[in-house]
Amino acid sequence: MAEVGAQAHGTHHPALQHHFTSLEQQREASSLGMWVFIAQEVLFFGGLFAAYTVYRSMYPDAFSAGSHHLSWKVGFANTLVLIGSSLTMAMGVYSAAIGKKNRVVGFILATILLGSVFLSVKYFEYGEKIRPCFGDGAHTGCLVPGARFDASALHLEGPEAGHAQIFFSLYFGMTGLHALHMIIGVPILLVIAHAAWRGRYSPEYHTPVELVGLYWHFVDIVWIFLFPLLYLIGSH
Amino acid sequence: MTPAFPLAPEQASSVAGEVDALFLFILAVTGLFAIGIWIALFYFAIRYRRRSEDDRPAEIHGSLVLELAWTIIPFLLMSAMFVWGAKVYFHLNRPPDDAMTVSVVGKRWMWKLQHPTGQREINELHVPVGRAVKLVITSEDTIHSFFVPAFRIKKDAVPGRYNMAWFRATKTGRYHLFCAEYCGTEHSKMIGRIVVMEPEEYQVWLAGGPAPESPVLAGEKLFTELNCITCHRPDSAGRGPVLNGIFGRPVALASGERVVADEAYVRESILSPAAKVVAGYQPVMPTYLGQASEEQLIALIAYIESLQVPSEGAPADAPVPSRAKGARSR
Amino acid sequence: MSSEPRSLPADHYLKAGWDLKSWLLTTDHKRIGLLYLMSITLMFAIGSLYAGIVRWNLLVPDGSQMSAEAYNKAFTGHGVVMVFFFLIPSIPATLGNFLIPLMIGAKDLAFPRINLLSWYIYVIGAALTMWALLSGGLETGWTFYTPYSTVFAESNVEVAAIGIFIAGFSSILTGLNFIVTIHKMRAPGLTWFRLPLFVWAHYATSIIQVLGTPVVAITILLVALERIFHFGFFDPNRGGDPILFQHLFWFYSHPAVYIMILPSMGVISEIVTCFSRKRIFGYSFIAMSSLAIAAIGFLVWAHHMYVTGMAVYSAMVFSALTYLVAVPSAIKTFNWTATLFRGSVKWDTPMIYVFCFIGLFLIGGLTGLFLGNLGVDVHLTDTYFVVAHFHYIMVGGAIMGYLGALHFWWPKITGRKYIESWGKVSSLLVFVGFNLTFFPQFVLGYLGMPRRYHAYPEEFQILNVLSTAGATILGFGYLFPFSYLTHSIFRGEPAGDNPWGAKGLEWTTQSPPLTHNFDEIPVVTEEPYDYASPPKEAARG
């Protein structure tokens with residue numbers, strides 16, 4: 001149960017919170033907390049994955065057409081960027097475990113950089129689909145579901161156009177939710193990098209770095225599922 | 001159940017008696033357990049009430065035998081309830097072959113019904129007693145639910161699909177029809193009645209009023225107006241499959257699947273032709289989404305259902321009772 | 001029993017600051033529990049007002065008391081407020097927060113700041129939703145069925161949906177906190193099978209909160225997005241499937257009902273043992289059945305959808321599983337009853353609420369067997385039978401347990417006793433009022449009166465009038481505990497550490513407890529509910 005380690009008696013670690021009996025208990029609790037949070041996130045995205053599964057089985061052709069319209073090269077490049085950012089994140093956690101403060105800061109900044117590259121690419125991807133929806137005129141190329149959706153670029157008409165709108169609802173919904181998780185992750189990474197720079201972490205205590213690492217890896221894994229499901233349907 | 005304090009609606013359909021019997025069975029079992037536990041609670045509470053602060057209650061941890069008993073026995077009783085309920089549900093979802101089809105379209109806030117002979121009704125349905133009636137139900141807007149308490153039937157009217165319910169009325173009379181799925185402001189006004197009549201009276205009722213257009217004839221007209229006839233010819237020279245005799249039979253699709261050509265399939269093929277293309281044909285049929293209302297779709301389906309393969313002596317498109325088992329559910 | 005106390009302890013958690021800041025920035029789980037108590041009591045009052053409007057309208061059959069729009073907004077407001085802002089948080093966020101660290105011998109929950117954050121999230125969600133309800137209203141029903149809610153409703157659907165979405169995270173964070181706390185912060189010697197059943201119940205509840213809530217969150221967000229951006233996700237005219245919404249919605253909302261009842265069941269186990277002065281009958285069976293309810297509860301959602309046109313074989317699977325999930329609840333009920341056998345039963349207010357709970361939950365749960373049954377449900381679904389069923393469980397079950405819990409732990413929370421005779425009178429009022437309100441609704445349902453009807457056929461009037469009369473009595477019944485419990489905070493007799501002579505680590509602390517609960521973390525050597533041995537003295541110094 002409560003391991004009464006040497007650290008808990010007498011001079012206890014500055015990071016030990018008063019309601020925990022030891023740093024070990026605190027670390028285990030924080031870690032379990034992050035795993036439970038990730039479990040919740042799986043179900044959160046899960047609802048969208050369930051809807052995707054249902055609609056794709058109903059409308060395979062519209063989904064295929066919509067998927068063809070996305071640039072798999074851009075998606076693939078972004079995938080590599082994100083996997084790279086997971087690598088730098090893992091290196092950051094390892095550096096914290098061995099107490100190399102400067103490397104921790106460096107790797108976290110690299111993770112932020114790569115994450116920002118991913119988000120910028122997404123910005124441009126979204127842009128080319130959303131920009132045509134504004135202004136007056138034909139809205140050719142508008143791929144935001146709704147009244148201005150233009151299915152001609154997908155060579156679809158009639159009910160298939162409606163089905164393609166569902167594909168793009170899922171595209172924007174799922175990648176948008178994913179991007180939101182990254183947008184939230186970046187400032188958190190900045191805070192952790194700052195704390196690392198201030199010397200708050202050590203081999204005995206670097207739990208925040210581990211937990212943020214877990215979160216970032218999870219966000220990466222979600223993308224690894226999203227990419228083939230959205231970009232790689234059917235043959236190219 | 002005195003008339004002054006009824007506990008159940010009249011039993012006016014062939015299935016109502018069985019539903020009530022099933023209900024009473026569940027009531028008897030659950031009632032027995034409930035009363036048993038209440039008695040135990042009362043008895044223990046009184047018999048073992050605290051008489052002094054020095055009372056020393058027994059140290060009982062539990063009893064595996066009791067735990068198994070009160071797990072297994074309820075489980076067995078519930079299995080019986082489940083089996084009987086499933087049987088009734090099956091029955092409620094399988095209309096007899098001789099059922100006459102009435103189409104039902106729910107719309108905020110009214111029920112639009114049409115007889116196979118073409119008569120239309122709003123919020124009322126006249127039927128002959130003793131005849132099986134199959135309802136093909138859909139909605140034009142939100143989800144509604146077609147509920148006749150006296151028949152013990154209910155089915156949601158879902159936009160974009162057909163649902164099926166059926167009944168055989170066993171007593172003449174007038175019975176409540178309710179919408180049972182909240183659909184907005186006048187949800188509680190979306191009510192009406194089922195009027196069950198003696199068969200002769202029903203014939204009189206059918207004959208009264210302006211001569212209705214049978215949905216089959218209406219459908220035949222639409223079939224020409226909408227140019228379906230150009231591709232779906234009774235000979236095999238058209239670009240679309242021959243529709244004579246197709247209704248109610250299995251169809252092989254280009255994907256390799258087989259589906260039954262029921263109301264739902266025909267409707268889908270009119271609105272979304274690329275969804276289930278027949279094997280051996282190209283996906284060239286245009287969609288009629290937006291060009292045919294729900295009622296026109298019902299007419300087209302009635303017409304297609306009436307197209308039978310010509311047998312010796314019978315005209316090619318004489319209406320013949322459908323052999324379809326009912327609208328397929330997803 | 002403890003010796004007669006004369007006054008409250010010199011130092012306790014309520015004395016650690018009197019100003020607003022000490023409450024609004026607290027990380028003490030006990031104060032956060034009280035913050036929640038005040039918030040949900042307010043929401044319960046609002047939900048009850050809506051209920052009053054609903055029952056007032058149903059006094060006459062022709063709907064002449066108010067417009068249909070007003071009525072539709074009233075029943076929606078009642079459902080939304082009661083489900084999302086009262087029942088779901090009720091016991092976990094108030095008593096769970098207060099008691100779980102005390103019961104396991106910890107100084108606080110694992111994440112005290114997240115605990116406070118969860119309260120703020122709740123308040124923001126509630127404020128947003130109340131704004132939506134009051135500034136134009138919501139009339140989709142608490143179930144938000146599409147395409148009505150996405151295309152046809154002319155009310156504040158988006159804002160209400162976002163408010164509920166936000167409040168969902170409060171629920172998730174509470175559940176997360178409890179899971180980690182129970183896993184990692186138990187006192188030495190407190191093994192899983194020595195935990196109080198209240199803790200087991202909250203553990204199972206928390207699993208459901210963490211895994212189920214995100215699904216309804218994303219679903220309700222989709223509804224809001226579809227309203228705002230016209231995505232067409234559930235719009236059949238664009239290929240959307242309105243039934244998909246129902247599957248996604250009920251995937252959470254069925255387990256949600258177990259979130260609402262499991263904590264109450266935990267309460268019953270605590271009270272029935274103390275007031276029979278006997279250990280619980282079948283401890284491990286009750287503990288395991290909580291987990292079984294949580295697990296199987298995720299597999300039965302489509303029993304709300306038997307008449308939507310789903311495939312007959314699918315419906316059969318859901319019906320079979322629905323019967324399966326009833327078994328663990330039955331096991332608990334038998335075990336509680338058996339606990340009384342050869343016990344020493346004291347009829348104090350908390351115990352009276354236990355009797356109410358068992359008696360009424362029995363009806364609620366057993367009527368679930370009718371609704372889970374395929375043949376009978378076709379007739380009963382969407383009628384007042386369903387309304388009666390779930391009110392028997394939510395009010396006759398969950399709220400009775402909540403009131404029992406409030407009375408049982410009130411001395412621990414406030415350090416004071418309430419007036420016992422008032423407690424007994426109120427419980428009688430509540431019991432009578434409740435049954436008069438809801439039993440007629442079973443009959444109304446079988447007779448065929450549909451739900452959510454503003455006006456109804458005349459022949460249903462007598463039963464509706466009876467129901468409204470009952471609701472009036474019930475309303476008064478609820479006012480009494482509110483007044484005498486509040487009164488006791490200022491004028492109640494000091495209760496002492498353990499006025500009931502109960503087992504459990506929370507009763508070894510002073511009443512009210514110190515901010516940090518325990519000066520020294522206790523070591524547990526006893527089995528739970530070991531009433532054969534005398535109660536421990538409070539650990540002091």
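Which residues touch the most other members of the largest nonpolar core? Before we answer, a word on what you are looking at. This is a predicted model, in which local features need pLDDT of at least 70 and side-chain atom pairs count only at pLDDT 80 or more, while totals for chains, interfaces and linings use all residues. Residues are numbered from 1 along each chain as its sequence is written, and chains are lettered from A and ligands numbered from 1 in the order in which they are written.

Now to the core. A nonpolar core is a set of buried Ala, Val, Leu, Ile, Met, Phe, Trp, Tyr and Cys residues joined through C-beta atoms within 7 Å. A residue is buried if 20 or more other C-beta atoms lie within 10 Å of its own, exposed if 12 or fewer, and partly exposed in between, with C-beta atoms placed from the backbone. The largest core has 334 residues, and B:Val104, B:Leu135 and C:Ile220 are the ones that touch the most other members. Its largest share, 21 residues, comes from helix α8 (residues 197-229) of chain C. Helices (H or I, at least four residues) and strands (E, at least two) are DSSP runs, numbered from the N terminus.

Let us follow B:Leu135 into chain B. Two residues are in contact if their C-beta atoms, placed from the backbone, lie within 7 Å. Leaving aside neighbours within four places in sequence, the contacts of B:Leu135 include B:Val104, B:Phe146 and B:Trp166. B:Phe146 in turn has B:Cys179 of strand β9 as its bridge partner. Strand β9 (residues 173-179) of chain B has 5 of its 7 residues buried. On one hand, β9(B) pairs with strand β6 (residues 144-148) of chain B in the antiparallel sense over 2 bridges; on the other, 5 bridges join β9(B) to the antiparallel strand β10 (residues 192-197) of chain B. Strands count as paired if DSSP finds at least two bridges between them.

Stepping back, chain B is assigned domain 1 (9-39 + 65-211) and domain 2 (215-306), with bounds that come from an automatic or database domain assignment. Their centres, taken over C-alpha atoms, are 30 Å apart. Where they meet, 10 residues of domain 1 are in contact with 7 residues of domain 2. On the domain 1 side, β1 (100-107) and β5 (132-139) of chain B are the elements that give two or more residues.

Next, look at where chain C meets chain B: 77 residues of chain C are in contact with 75 residues of chain B. Helix α11 of chain C gives the most to the chain C side, with 15 residues. By class, that side has 50 nonpolar, 19 polar and 8 charged residues. Here Ala, Val, Leu, Ile, Met, Phe, Trp, Tyr, Cys and Pro count as nonpolar, Asp, Glu, Lys and Arg as charged, and the others, Gly among them, as polar. Elsewhere in chain C, helix α7 (residues 157-184) is mostly covered, with 23 of its 28 residues buried.
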